[in-house]
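Here are my notes for anyone opening this model for the first time. Have a look at it below, then read the points in order.

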Amino acid sequence: MEKKDLQTAVPLIVGWYQNAKRELPWRADKTPYHVWLSETMLQQTRIETVIPYYARFLEALPTIRDLAEVDDDKLMKLWEGLGYYSRVRNLKKAAQTVVSSYGGELPGTAEDLRKLPGIGEYTAGAIASIAFGQGEPAVDGNVLRVMMRLTACDADIMQPKVKKDVTQLLREVYPEGEEASDLTQGIMELGEVVCIPNGEPKCAVCPLNAVCRAHLAGETDRYPVRSPKKARKEEELTVFLLSCGDKIALHRRADSGLLGGMWEFPNAADRMTQKEAIDCLTQLGVSPTSCEPCGKAKHIFTHIEWHMTGYRAECRTAIPQYEWKTAEEILGSCALPSAFRFYRKLLEKECSDKTQ
Ligand code: SF4
């Protein structure tokens with residue numbers, strides 16, 4: 001990858017972005033908190049999905065201090081459905097550090113930003129350049145794709161070293177001030193709407209088409225080079241929708257690990273037959289009086305795939321290992337990860353059937 005290719009591209013991207021940028025809520029102002037929140041929400045999530053979450057979140061928690069002090073259930077509810085919940089737990093932890101160590105204002109350098117929980121190289125670069133005008137790149141998959149095509153570089157983008165090298169090379173050509181902000185957003189935008197990940201890149205409307213080596217060689221489909229991902233691990237799970245009177249059982253997951261700290265419907269490893277499910281509930285001590293299959297569901301995480309088999313059971317004993325809440329409480333104020341969406345919908349349907 002040649003540094004001079006990047007030097008040539010910088011003003012082309014900045015100029016293009018200044019004319020072609022889409023109006024998005026977080027582009028209306030560059031308040032560091034807003035940039036931080038939008039960049040965190042946008043990780044692994046589409047822009048159209050983020051827009052309503054972003055507005056709701058800022059309405060409920062307009063300042064970093066509000067975020068630092070918010071009750072966990074309210075916070076999770078604001079994030080419910082966005083997935084990757086460690087992002088929001090880290091947001092709150094980082095907000096607490098910002099309040100205790102920086103007087104409630106985000107620090108203005110990438111170096112200090114990287115010390116905050118959940119802020120890695122990419123987010124630190126994005127906040128530092130967009131909100132503070134520092135010459136810091138923010139390199140994600142979109143940026144890597146554009147850079148690899150621009151320079152016709154055949155290094156494997158799945159290798160962490162490649163990302164580091166691209167970041168370093170970009171850092172050497174990065175402008176400061178308003179142009180740093182426009183360059184970061186411009187490369188992102190280019191990767192999202194022109195030099196797209198799936199399908200043909202739109203080279204005819206790309207500001208780099210006169211200098212892009214992959215395009216000039218007619219080899220855009222060769223880049224970026226990416227070694228195959230490891231196959232996802234598949235896990236079988238049995239999920240229980242347990243009622244005791246008018247209460248439904250919920251369980252809080254351990255703080256660390258997948259969906260850490262989130263509510264879930266009680267569940268156990270493996271796919272159980274109806275008889276095995278009844279035996280399992282009996283052993284748990286909930287004394288089931290009925291237990292019927294209530295449907296299968298699948299959820300795909302980045303590295304794991306859950307295959308769930310559900311049972312709806314009436315119980316006599318509300319064992320203390322679970323929280324027992326009314327369906328209205330669960331639907332109204334408990335953030336359930338989208339992995340359990342299918343079973344949450346069953347609950348919703350039961351509630352609406354009852355009121356009809
Ligand atoms: S010219 Fe085509 S391949 Fe090159 S950066 Fe632009 S869209 Fe991507």
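1. The centres of domain 1 and domain 2, taken over C-alpha atoms, lie 37 Å apart. The domain assignment puts domain 1 at 3–222 and domain 2 at 233–355, with bounds that come from an automatic or database assignment. Contact between the two takes eight residues from domain 1 and 18 residues from domain 2, where contact means heavy atoms within 4.5 Å.

2. A word on what you're looking at: this is a predicted model, in which local features need pLDDT of at least 70 and side-chain atom pairs count only at pLDDT 80 or more, while totals for chains, interfaces and linings use all residues. Residues are numbered from 1 along each chain as its sequence is written, and side-chain values use heavy atoms, with hydrogens and water left out.

3. For the overall picture, the C-alpha trace spans about 75 × 50 × 40 Å along its principal axes. The protein has 15 helices and seven strands; these are DSSP runs, numbered from the N terminus, with helices (H or I) of at least four residues and strands (E) of at least two. Of the 356 residues, 50% are buried, meaning under 20% relative accessible area with a 1.4 Å probe, protein chains only.

4. How much area do domain 1 and domain 2 bury between them? About 930 Å², with 45% of it on carbon and sulfur atoms; that is the accessible area (1.4 Å probe) the two parts lose on being put together, summed over both. On the domain 1 side, Asp73, Lys77 and Tyr85 lose the most, together 47% of what that side buries.

5. Two salt bridges turn up across this interface, each a side-chain nitrogen of Lys or Arg within 4 Å of a carboxyl oxygen of Asp or Glu. Helix α5 (residues 72–79) gives three residues, the largest share of the side of domain 1 that touches domain 2. Elsewhere on the salt-bridge list for this model, arginine 344 pairs with glutamate 80, with the closest N and O atoms 3.4 Å apart.

6. Now zoom in on strand β6 (residues 304–315), where 10 of the 12 residues are buried. β6 pairs with β1 (residues 233–244) in the parallel sense over 11 bridges; pairing requires at least two DSSP bridges between strands. Valine 239 has glycine 310 in β6 as its bridge partner.

7. β6 also pairs with β5 (residues 288–300), in the antiparallel sense over 11 bridges. Here histidine 299 stands opposite tryptophan 306, and the two strands form a hairpin with three residues between them.
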